[in-house]
Structure formats: structure tokens, C-alpha cells
Amino acid sequence: MTEPSKVIHVRNVGHEISENDLLQLFQPFGVITKLVMLRAKNQALIQMQDVPSAVNALQFFANVQPSIRGRNVYVQFSSHQELTTADQNAQGRGDEQPNRILLVTIHHMLYPITVEVLHQVFFPHGFVEKIVTFQKSAGFQALIQYQSRQCAVSARTALQGRNIYDGCCQLDIQFSNLDELQVNYNNERSRDFTNPNLPSEPKGRSSQPGYGDAGGMYGVQASGARPVALPQMANAAAVAAAFGGGLPPGISGTNDRCTVLVSNLNPDQIDEDKLFNLFSIYGNIVRIKLLRNKPDHALVQMGDGFQAELAVHFLKGAMLFGKRLEVNFSKHPNITQGADTREYANSNLNRFNRNAAKNYRYCCSPTKIIHISSLSQEVTEEEIVNLLEEHMPIVNTKLFEMNGKRQALIMFDTEEQATEALVCKHATSLGGSIIRISFSQLQTI
């Protein structure tokens, strides 16, 4: 076995796995100082702040199989004791010659990608002269021609492996061996930014739809979203897409504080898992800490600043266990791992590891109606009622099937009762299945 090192070697890192996914996997064990994605080899190198942090991570994963987006990844100590500049440059493919034209492949494409979207992502790194998009067996691809080779190298270094939208539309960038792109038409599939007078289509031919229905699988339009291939704003783009092109009123999308301070809790009723159940509606939870010197206060660290902003916006003033919650951004950037913290970063109950855009559409303030999914096919309405009416009377219920999956709507008298049902019963077992509870935005059943 390789001797312990603060550098961890990760294998089987598929194209659907982003840098942010790897950061979330290893951040619970300490500060990450460097991360190198070796895309050509489906591998990554992660440098922790010190050797003990790396040792803790590998000891933990010796007993728990690490998995990202349904793919098992395999970890071991690297033969490197330190990542050098040469190692970081190794994420290139080695045999490629830098060129001003980039070949971009989009993996895991859940939203439409047009010339405008690509231009918005790539133009911050230099003047983009031409873009051509096309569909190949490898997937949706684009050729992007910069004014200079230096701009293309800069763009590839900054954007390789990043997602345009949260959890999807991942950029895989190579240097092309072409000398010049030929663009005949300016439309959503090709554009010559040096010649705005080109026609949009051949004469006498109607405009063809682009690769446009990719967003239709979720019934949302991404055209108004502002895609930015940076980890902090990737969620903002997914939410904008989920909400039909704009952020919900009152959401800025610019917050970078991940930790939330919750006060005026009922200390006799609350615990970390109940807070997890409530806050996980708005994003992934890293860790939670109940403040022992202030029993009605807690800190909740969300996956990123955008998810923290959603939680603050939708939960401020919510009623829970007879108390009106105060929810604000904390002055602490994160919660230090310790004996008095509860870790959730690797919990499979985090809702935003899959179908992020779909989950963002469920984000709302607490309502009187909860939606229950992941029910077993054999479960009865009576069993659901028995589980939930333990603490609060139920006004109405509806058990139904959608896409062959059994689901239920449960209506209470007040938002507070519905919130208590969610925090107490989400992720509990019913009929052999772990149920999932969200707030429904329906007005009645």
C-alpha cells in the first residue's frame, strides 16, 4: 500500500461527476487545498490540508463505499506527497497542441444549449469569433473559435469539467486541429460574430428547430436562465431554468454565505435530524450544530450560498413546535467539524444529488399540504393516516399513482401542522419503504 499522503487519488470519475461533487465528498474531512481533474483517465487528484485529514477520509471510505451520482468511485493515497504545478497542468491530454479553436462536448445535457448560451459561458475569456454546434455520436458538440490561441488556452483551463447548469450540461473541452471555422448562417446553431450580416437560413427554407426539446423532459424552458460555468452560480442557473427563466421574487442569486443561523427553536422538540428534514428541501446539508450554550439556536451549513439563500428566504418566520423561526445568514463561513456536530455531507437523504432542477421547483414556504412519494405499492391510505395523525389532525387525503409510482397528498388545518408532520416523518419507514415528504404548492386537494 502507498504510504500516507495528503494527496488522494480518485478513480472511476465519470464525465457526469463535477469538481463540486468531489469537493462535497471530501470536505467533511478537512480543508481541500487543490483539486486536479484528469478527465482523459476518468481520475482526479485531491490534496487535503494535511496528512491526518487524508487518512481520516480513507479510513472512513474503507468501510463505506463512496458513490457520486450513482457511480462508485475508488480512493487511495497518491504516490505524490504534494501536487505541483506540473501535476495541475496534467489535466490536459498531453498529446494535444494548443489551438485557438476548441472542440466542446456537452455531457449529461438536460437543458437546451444554444449559441447564445455557449457565447455567454466562453466570452469572458476572450473575443469569440465563431461558434458552430452539431450533434454527433459522442453527443451534443460545438466548435468555438477565439481570436487568439492564448484566449482558448485560458478558457479551457478555467472551464474544463465545469457544469453550465447545476448537476448537468458538463463541459468536456479539447483543442481542435482545425485552422478556421466556416460559418454560412447566423442562427441558434451557428454564428459568425465578425460578420453579423450572414443570413439565418438558406433561401426558401424554413427555420429548423435546434436541439431544443432537451428541456422538455422537465417541462421547463431554460432560455431566460443566465448560465455561468462557475460552482457558485451553477445552482442559480438551474433554479432560473426550473422557475421558467427567472429567479423567484426576493432571491438575488448572489449570496455566497453557506451557513444559516436558526433561532427561536423549541429546544424540547427539535434535534439535528428534524432540522435536516426541513432544510434539505432547499439544498444539500453539509452539517448541523445545535448550540449548547443557546439551546434555542442552531447552525445549518448548506451545500452552497444559493441554497442557503433559498432556505433563509422561504423559512424566515415559519412556525414550528409553537415557535416562529428566525432564519438568517451566519457570520461563520462554515461549521467546524467536531464532537458536537452532526455530519450529513454523505447522506443519501440529501435531495439535490439527483434531479436538482426538479427539486428546485418544489422550493416554497411551508404550506398546509404535504406531498409524499417513494411509497410502496402495497401501502394503504389508512396506514399513511395512522403514521401522520399522531400529533396533528388531518383534513383531507388523496392517494394516487403517477408514472406507475404511488404517491399521496395530505392536507392539514395549518402550515405549522404540515411542517411538523414533515420534520417528524420525512425519511421514516412505511410499508418497507423510506418515504419522502415535500410541501405541495396546491391550494386544495
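This is a predicted model: local features need pLDDT of at least 70, side-chain atom pairs count only at pLDDT 80 or more; totals for chains, interfaces and linings use all residues.
**Pocket, rings and charges**

Residues are numbered from 1 along each chain as its sequence is written, and side-chain values use heavy atoms, with hydrogens and water left out.

A pocket here is an open set of points on a 1 Å grid over the protein atoms alone, where a 1.4 Å probe fits and protein lies on both sides within 12 Å along at least five of seven lines; lining residues have an atom within 4 Å of a point. The space in the largest pocket comes to about 900 Å³, a volume being what is filled by probe spheres set on the points, which are joined across faces, edges and corners. Helix H9 (356–361) and strands S20 (369–373), S21 (394–402), S22 (405–412) and S25 (436–439) each give two or more residues to the lining of the largest pocket; helices (H or I, at least four residues) and strands (E, at least two) are DSSP runs numbered from the N terminus. S22 gives the most to this lining, with four residues. Sorted by class, the lining has ten nonpolar, 13 polar and seven charged residues.

On to the rings. There are seven aromatic pairs in the structure, a pair being rings of Phe, Tyr or Trp (its six-membered ring) with centres within 6.5 Å, stacked if the planes are under 30 degrees apart, edge-to-face if over 60 and tilted for the rest. Phe-29 and Phe-61 make an edge-to-face pair, at 5.5 Å centre to centre and 65° between the planes. This pair links distant parts of the chain, 32 residues apart: Phe-29 is in the loop between helix H1 (19–26) and strand S2 (32–38), and Phe-61 in helix H2 (residues 51–63). Phe-29 and Phe-61 are buried (under 20% relative accessible area, with exposed over 50%, partly exposed in between, a 1.4 Å probe and protein chains only). Ring pairs also join Phe-26, Phe-29, Phe-60 and Phe-61 into a cluster.

Tyr-282 and Phe-314 are buried as well. Their ring centres are 5.8 Å apart with the planes at 15°, so this pair is stacked. Tyr-282 sits in the loop between helix H7 (272–279) and strand S14 (285–290) and Phe-314 in helix H8 (residues 305–315), so the pair ties together parts 32 residues apart in sequence.

As for charges, the structure holds 13 salt bridges, each a side-chain nitrogen of Lys or Arg within 4 Å of a carboxyl oxygen of Asp or Glu. In the one between Arg-162 and Glu-19, the closest N and O atoms are 3.7 Å apart. Arg-162 lies in the loop between helix H5 (149–159) and strand S10 (163–165) and Glu-19 in helix H1, so the pair ties together parts that are 143 residues apart in sequence. Both Arg-162 and Glu-19 are buried. Glu-180 and Lys-130 form another salt bridge, with closest N and O atoms 2.8 Å apart. Glu-180 is partly exposed at 44% relative accessible area, whereas Lys-130 counts as buried at 10%. Arg-100, Glu-129, Lys-130 and Glu-180 are linked in a salt-bridge network.

Technical notes
Ala, Val, Leu, Ile, Met, Phe, Trp, Tyr, Cys and Pro count as nonpolar, Asp, Glu, Lys and Arg as charged, and the others, Gly among them, as polar.
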